[in-house]
Amino acid sequence: MIVPFTYQALPMRVVFGAGSVAKLPDEVAALGLHRVLVVCSPEQEGTGRQVAAALGDTAAGVLAEARMHVPVEVAHRARDVARESGADGVVAVGGGSAVGLGKAIALEHGLPVIAVPTTYAGSEMTPVWGLTEGGQKRTGRDVRVLPRSVVYDAELTLTLPGQLSATSGMNAIAHAVEGLYAPDATPIISLMAEEGTRALAAALPRVVADGSDLEGRGEAQYGAWLCGAVLAATTMSLHHKLCHTLGGTLDLPHAPTHTVVLPHALAYNQPAAPAAVAALSRALGGVDDPARELWELAGRLGAPRSLAELGMAEADIPRIAELAVASPYANPRPVTREGVEALLRAAWAGVPPGGGTP
Ligand code: NAD
């Protein structure tokens, strides 16, 4: 039975394929832009310069100052540089941090953003922005920050180390998992979530085994695109709430935290989300217990499976559980303080989700 739904498509232009960064000048021209500022993180300055070279005269410069969670000082500096260089657009090259900086410029100046993603985080598909000031991260939705064009070139992901590839890919799967049981789930988005999960679960072991596997990189990026689009179209639940709280309060690393928490959050919700379980079972090769399979997948990828190894102290569990239940939000299964604390204890210790044996 098709459950009644309301679906509003977001604008989306995607140029996909190995080598497609060569088409960037056409994308800039199609948007009517003449001077674009390239932003990236300091570690990826070389890639930023490569992209600027591909742009030739239309590149207004490279600002290699993007940092995790978009500190407001970095955003202000980027806005000043954009204004001083006379930029009429931004090309954000990198992961969620670089795309986030591009969005911050768009939010203030209304400059259009073209995204060239090099991780699997998915920010390039969403109208969600974030800014961190005084240790507090504010987020919001504004269609002005949604990139006007996204160029997915798997060649730019060849340098993404195995561990970052694994955790970034699990971060993408988390968007799909929560999209499948979201209060605003729709049939078309659920198809994307299932296919995105399938593609990533198939590609990540290849990519981790051989970082130069361009075909595997392409399939991972295809999955990341779909999962990012799911994030843009649905309301996230317990898993994202927990990761946001862990990252914001304890400064735990973004993608590894998603990787550790996902199997446990899914195990918590599985009894109340049969359609999501069915879709994930198909996506993961016919398994009975998708939560357990995602935990096994993280293990096969050599990714972290405990919050303890990410540096969280056991004594912080009650505080995080308290914060995660402080304000209500949509979740398929009622969120209780005891339930969240048990989930966090299992995630902290690194035991299998849902009380399974290792
Ligand atoms: P990131 O952008 O911080 O990148 C992690 C590190 O990997 C950086 O040092 C970066 O330079 C490096 N890197 C990226 N691509 C590389 C490549 N191809 N080769 C070598 N090194 C590479 O990490 P992320 O996980 O992509 O993004 C996390 C941030 O994005 C968080 O702040 C998160 O909140 C945000 N995010 C936002 C949304 C949204 O919709 N707004 C969605 C997902 C994530």
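The model is predicted, so local features need pLDDT of at least 70 and side-chain atom pairs count only at pLDDT 80 or more, while totals for chains, interfaces and linings use all residues. Residues are numbered from 1 along each chain as its sequence is written, and side-chain values use heavy atoms, without hydrogens and water.

**Stop 1: the sheet.** An open sheet of 6 strands runs in the order β1-β8-β5-β4-β2-β3, with parallel pairing. Strands (E, at least two residues) and helices (H or I, at least four) are DSSP runs, numbered from the N terminus. Two strands pair if DSSP finds at least two bridges between them. Now select 14-16 and 59-63. These are β1 and β3, the edge strands; each has a single partner strand, so one side of each lacks a neighbour in the sheet. From one strand to the next, the twist averages 15°.

**Stop 2: β2 and β3.** Select 36-39. This is β2, joined to β3 by 4 bridges. Pick Val-39: its bridge partner in β3 is Leu-63.

**Stop 3: two helices.** Select 45-55. Helix α2 packs on the sheet and touches β2, β3 and β4 (89-94). Contact means heavy atoms within 4.5 Å. The direction of α2 makes about 180° with that of β3. Next, select 96-109. Helix α4 lies across β2, β4 and β5 (113-117), at about 165° to β4. Axes are lines fitted to C-alpha atoms, for helices over the stretch in contact, and angles run from 0 to 180 degrees between N-to-C directions.

Stop 4: Zoom out. The contact takes 21 residues from domain 1 and 24 residues from domain 2.
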